[in-house]
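Hi,

Here's the structure I said I'd pass along. Have a look, and my notes follow below it.

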Amino acid sequence: MADSIRKKPRFNLFHGVLLISLAIHLAILLHVSGLVSFGALTYIEVGMKENSRPVGREETLQNLSNLPTPEEIMARTATLPPVCRRLFTIGALKNREFLVGKEDHLESLRELFHRWQEGRLCSIAVVGPNGSGKTSLINCFQSELGNQIPVHRLDIDHRLRGESQLIELCSQWFELSSVPKNLIDLEEQLRQLPPAVIIIENIHRLLLRNTGGLESIRAFLGLVLASRRRLLWVVTCRKYPWQRMQYLLQVDRYFSHQLQTLLGTQTEMRDALMLRLQTSSYPAKFLQNDHGKAMKKNGLDQNALQERFFSDLFAASRGNMQAALYYWLLCLDYDKTLESLTVRPLGKLDYSSLRSLDRQQFYTLAEIIAHGELNADEHASIFACDSLRSRMLLDHLVQLNLLVFESGDNGAGRYQLNPLFFAPVTATLEGRNILQ
Amino acid sequence: MKDLQLPPLPDFVRQHLSGDRLLISLLIIVLTVAGLWLLRRVLNALAARFSRHRLLISGLFPVLRLLIWISAVAYILFVIIHPPLNTLLAVSASAGLALGLGAQDLIRNIVAGILILFERPFHVGDMIQVGEHYGEVVNIGLRSVQIRTFEDSVVTFPNALVQTQAVSNANAGQLNEMVVVRFHLPAEVPVGPVKELAWEAAACSPYVHLGKPISVLIEDRFDYRFLTLFTIKAYVHEIRLERVLASDILERVKRALLEQGLPVPAGSQPPPLEKTLCVNP
């Protein structure tokens, strides 16, 4: 009978460890899935939920507009000393002075130029995300060329619709004696030009994703193919439009060499900003966070605070230098009495509100990224809706701070992705398989 | 021989089914149900957050649910109640016999359900066609499989039926699947420009998966008159949008044909059961 009498079940150490382990795993899963938040440190509030009050989708989305717009950030820089305003200018670099992490690319461009001079077939595409330093790289390359060879620097400033517009633009660019009748005539005239370097920026403006929208980019690629023995074509293109062209037109076969200007690493980003900061000669102090108790430890010296700031900055900008500069300016303050700069902590930004966007908004953002920018008519032609609906949708996204509007010459303004939201929006769209 | 004798019922109840053991067993069942509910919510949230891996995450739940239930029942049986071996054998044999005779269909469905879970001919989230029904698998249970059709109705199939019938899986665990769009035009319409236009219409749709090839095929047909059948094959990047893609491609084709002054596919025939969109003149 003794063996038939069983002990009562009771919890022992094994059960305890098992339960605690299960609870920890569950907590991690809940946190990763976004069902429960364990108080992420958010110093600049982007998607902060208001207490526990249930909020509607639109109200959640409006949280995105808590982050200042690029214009507001630029307005803040008025309080900075003039030298800082000049050093932390948003835009491409004019020369090599502040170029960081692009030395290899510059060397490749020099090498390819020499190859072309030796009569080898060359055409170069500089491809990278917006703000990754394509134009800066080209500027440095052009400044090195000097007067060695004629350089035609051309910028496609509006979207071309069809072969005829491209022919017209080319005849203006190259100051051709007679307007070419067709593409073959244009190719013939280009072959007559003396050897030169042709730098063309923003070739993403040659593509529009609608029926007939591939005509101008096809015509342009035909020109490159026909004349690349005589002319060294150097084009710049944003990453996502290039990927789109690759899928649709196998664009890489028209360019013998591609330089991928990837987004910077955390070290490159820090070096680039610290170089400018040191050049300003103003002392800078990285501040501690006032809210988080965990950060109030006395052991945090300037190096640790600086390291933490750049880690947060890298996470927020995903390595995009343009976005990083905006965040940097957002956190930068000037103390007139001490004549020094202070850098407020950035913290982890919460972009969870982005998940509340609907399908139409997601696809709109994806197409804007994949085209570089769109106007309302272009959006309407891609999504087969009327211009008014397109404009309303785009304006709503501008109000949410996700897009920025740039007014155009003939009233047709362009909508672009707000650089501050580059990282979270691209990550969200890639995660949803929308951005390919 | 003494070991094979069953203990008297009052002794068995007192020793193995006492109040506290039953209470703990009940508690474990409640915890299992609550845990599964929570797990489902977590997996749903994870699937929504990491859409690219949605099918993988959703597909985990039926297997995890089965394993969790097996673990819970085994724990209650072997740790909490812990009956003697002879009792366990006697009860399981008689229960097996009773269930086998009285609930053959149920047992067949459960066995089929276990086979489906481990053979994995389809996962939760896949688009499958069983008989006349086509839709997204929303649940794989031990007894039945449920799909949600595009008409938003949930169709339930007993597992045994699914196991014995031919099941067509459109995406086989991937997030993209092929969508076929067909349209007819009069035979005299020039094929080359229409073929190019059809390709562009598919390539320009925001819902198409550009990483996969797009093809346009031509066939001759006769239906009171000579016709050319155009078949566009493209992949949708998110299986839930397959009808949206098909509709979008056809809309673009029609618009482009109109713009170029070519005849537009008009009239319609009843929609086919398969996942194609077809219009003929």
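Starting with a bit of local geometry in chain A: strands E7(A) and E8(A) make a hairpin, with 4 residues between them. Glu339(A) sits in that turn and has a positive phi of about 50°. Keep in mind that this is a predicted model.

The two strands, residues 332-335 and 340-343 of chain A, pair antiparallel over 4 bridges.

Now the interface. Chain B and chain A bury about 3500 Å² between them, with carbon and sulfur atoms giving 56% of that area. On chain B's side, Arg49(B), Arg52(B) and Leu210(B) supply 17% of the area it buries against chain A, more than any other three residues. The contact takes 40 residues from each of chain B and chain A.

Which elements of chain B give two or more residues to the side that touches chain A? They are helices H1 (9-16), H2 (19-49), H3 (54-81), H7 (191-203) and H8 (242-259) of chain B. H2(B) gives the most, with 10 residues. By class, that side of chain B has 22 nonpolar, 8 polar and 10 charged residues.

Cheers

How values were computed. Residues numbered from 1 in each chain as written. Chains lettered and ligands numbered in written order. Predicted model: local features only at pLDDT ≥ 70, side-chain atom pairs only at ≥ 80, totals over all residues. Heavy atoms only, no water. Pairing = 2+ DSSP bridges. Contact = heavy atoms within 4.5 Å. Buried area = accessible area lost by both parts, 1.4 Å probe. Nonpolar A, V, L, I, M, F, W, Y, C, P; charged D, E, K, R; others polar.
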